[in-house]
Amino acid sequence: QEIANLEALKAELAPKLEQYSSLVVTEDSIKAAKADKAALNKLRTAIEDQRKAAKKQYLEPYNILEAQCKEVLALIDAPIGAIDKQLKVFDEKEKQWKYSKLFNAFNELEPPEWVKFEDVINPKWGNKTEKVDSLVNEMKTALQKFNAEYEQLEKLYENFPHKLAIIDRFKDTKSFSETMVYAKKLEFEYDREKALKEQLLKAAEEEQAKQAESVQNEPEAAAPVNDVITPE
């Protein structure tokens, strides 16, 4: 049976159903509670069935329209896909041309052997908005920066025993700040080992001095007395 006015039903049910929020079922009220539950379930089923029927009725014209739209869209998508596929071929050719121009420009800049193309090229080079000339200038700037930082490290650690390790770290990371952290760590360890060696050397020298002083202060051994021959 269709419920004509759900708002009126809601207003009617709300005060009646409020009593169930504090309902306590006892042995004496089990039968009544079961009857109430059955009645509420029946009402709930009726409302749900009415909702589903209304939804189906309202959606039926939409479902027909949706199916028709999908058929037309499929017809349109076919040529779009074919055109797009061919356009992508031209885009890829243009991208390869751009890559070749940039790679050749990189080699003409005569970069050091430890700098690779990928180290200086803008990751967004493939975007159409990124112009070749601008990207080449970016590479020049990056190479100048690497060379300046390399020379700075060479001067800073010219006489440091672990200079080669520091330079190698910079070549690997291409990061001046990270390399400086590594260099400071090596300096700290070097200074600590140097101080320890100096302490050990000083202690050894002091020990040798003590031993030499001890030898000097030892009393000389008494000369042996020859047997005295008494005259007969």
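Reply: Let us begin with a helix pair: helix α4 (residues 132–156) packs against α5 at an angle of about 165°, and their axes are 10 Å apart. That makes α4 roughly antiparallel to α5, and α4 passes α5 in a right-handed crossing. This is a predicted model, in which local features need pLDDT of at least 70 and side-chain atom pairs count only at pLDDT 80 or more, while totals for chains, interfaces and linings use all residues. Residues are numbered from 1 along each chain as its sequence is written, and side-chain values use heavy atoms, with hydrogens and water left out.

Me: How are the terms of helix packing defined?

Reply: Helices are DSSP runs (H or I, at least four residues), numbered from the N terminus. Axes are lines fitted to C-alpha atoms over the stretch in contact, and angles run from 0 to 180 degrees between N-to-C directions. Angles under 35 degrees count as roughly parallel, over 145 as roughly antiparallel, 65 to 115 as roughly perpendicular and the rest as oblique. A crossing is right-handed if the near helix is turned clockwise from the far one by less than a right angle, and left-handed if anticlockwise.

Me: At what angle do helix α5 and helix α6 pack?

Reply: Helix α5 (residues 163–173) and helix α6 (residues 176–217) pack at about 155°, with axes 9 Å apart. The two are therefore roughly antiparallel to each other, and α5 passes α6 in a right-handed crossing.

Me: How many salt bridges does a search of the whole structure find?

Reply: Side chains of opposite charge can pair when their charged atoms come close. A salt bridge requires a side-chain nitrogen of Lys or Arg within 4 Å of a carboxyl oxygen of Asp or Glu. The search finds eight, including one between R51 and E48 (2.9 Å, N to O). R51 and E48 are three residues apart in helix α2, and so are separated by about one helical turn.

Me: Which salt bridge partner does D119 have, and is that partner buried or exposed?

Reply: D119 pairs with K174, the closest N and O atoms being 3.6 Å apart. This pair links distant parts of the chain, with D119 in helix α3 (residues 117–120) and K174 in the loop between α5 and α6, 55 residues apart. Buried means under 20% relative accessible area, exposed over 50%, and partly exposed in between (1.4 Å probe, protein chains only). K174 is buried at 16% relative accessibility, whereas D119, at 32%, is partly exposed.
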